[in-house]
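Please look over the structure shown here before reading on.

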Amino acid sequence: MKSKVVSSSADQRTIIVVLETGEEAFATLTRCANAAGISGASLTAIGAFEKAVIGWFDIATKSYRKIRVDEQCEVLSALGDIATGDDGKASLHIHVVLGLSDGSTRGGHLLEGKVRPTLEVVLEEASIGLRRRKRPELGIALIDLADEA
């Protein structure tokens with residue numbers, strides 16, 4: 001992974017992150033956000049995965065139904081955010097649309113993605129930190145604007 005701050009002001013940074021073949025996207029981006037001290041940001045990305053696991057959130061069971069994509073796929077769109085989680089570390093929430101070789105797509109929450117050949121990510125840091133709190137009644141953590149980081 002390589003990263004570079006391409007724009008910076010008193011209250012915002014734009015960081016480009018380029019992941020390389022073999023890196024696991026979700027874990028690498030989480031490490032990057034923690035290392036950069038990002039407590040609030042939006043995220044966009046394009047690239048490709050050798051394989052991926054995405055999730056569909058089942059509200060009835062309060063868990064993700066895993067959808068495995070065991071083939072080379074294009075990351076047609078990745079949109080998400082970064083906030084500070086209950087553990088004080090970066091908490092990522094990323095949705096992806098993956099394009100398959102036959103032109104069909106799969107979409108959901110990014111749980112895992114093995115990069116091949118690259119993933120190009122733009123992080124737009126927020127001027128304030130964001131806080132993500134676990135919501136037991138839903139089984140997931142959501143951004144809580146009442147308690148910004």
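This is a predicted model: local features need pLDDT of at least 70, side-chain atom pairs count only at pLDDT 80 or more; totals for chains, interfaces and linings use all residues.

The largest nonpolar core has 30 residues, and the members that touch the most others within it are Phe 49, Leu 98, Leu 119 and Val 121. Two or more residues of this core come from each of β2 (13-20), α1 (25-36), β3 (40-58), β5 (73-84), β6 (90-99) and β7 (105-125), and the largest share, six residues, is given by β3. In soluble globular proteins, nonpolar side chains tend to be buried together.

Val 121 shows what such a position looks like in detail: leaving aside residues up to four places away in sequence, Val 121 touches Ile 15, Ile 16, Val 17, Leu 19, Leu 29, Leu 43, Thr 44 and Ala 45.

## The helix α1

The helix α1 consists of 12 residues and reaches 16 Å from its first C-alpha to its last, which is close to the 16 Å expected at 1.5 Å a residue. Its buried residues are Ala 25, Thr 28, Leu 29, Thr 30, Cys 32 and Ala 33, and the elements that cover these buried residues include β2, β3, β5, β6 and β7.

## The largest cavity

The structure holds one cavity of 30 Å³ or more, and the largest cavity has about 50 Å³ of space. The residues lining the largest cavity are Leu 29, Leu 43, Ala 45, Phe 49, Val 75, Ala 78, Ile 94, Val 96, Leu 110, Leu 119 and Val 121. By class, this lining has 11 nonpolar residues, with no polar and no charged ones, and at least two of its residues come from each of β3, β5, β6 and β7.

Phe 49, Leu 119 and Val 121, which line the largest cavity, are also among the residues that touch the most other members of the largest nonpolar core.

## The largest pocket

The largest pocket has a volume of about 310 Å³ and is lined by 15 residues, of which Tyr 64, Leu 92, His 93, Arg 132 and Ala 141 lie nearest its centre. At least two residues of the lining come from each of β6, β7 and β9 (140-143), and β6 gives the most, with four residues. By class, the lining of the largest pocket has nine nonpolar, four polar and two charged residues, whereas the lining of the largest cavity has no polar and no charged residues.

Notes. Residues are numbered from 1 along each chain as its sequence is written. Side-chain values use heavy atoms; hydrogens and water are left out. A nonpolar core is a set of buried Ala, Val, Leu, Ile, Met, Phe, Trp, Tyr and Cys residues joined through side-chain atoms within 4.5 Å. Buried means under 20% relative accessible area, exposed over 50%, partly exposed in between (1.4 Å probe, protein chains only). Contact means heavy atoms within 4.5 Å. On a 1 Å grid over the protein atoms alone, a cavity is a set of points where a 1.4 Å probe fits but cannot get out, and a pocket is an open set with protein on both sides within 12 Å along at least five of seven lines; lining residues have an atom within 4 Å of a point. Grid points are joined across faces, edges and corners, and a volume is the space filled by probe spheres set on the points. Ala, Val, Leu, Ile, Met, Phe, Trp, Tyr, Cys and Pro count as nonpolar, Asp, Glu, Lys and Arg as charged, and the others, Gly among them, as polar. The expected span of a helix is 1.5 Å times one less than its number of residues.
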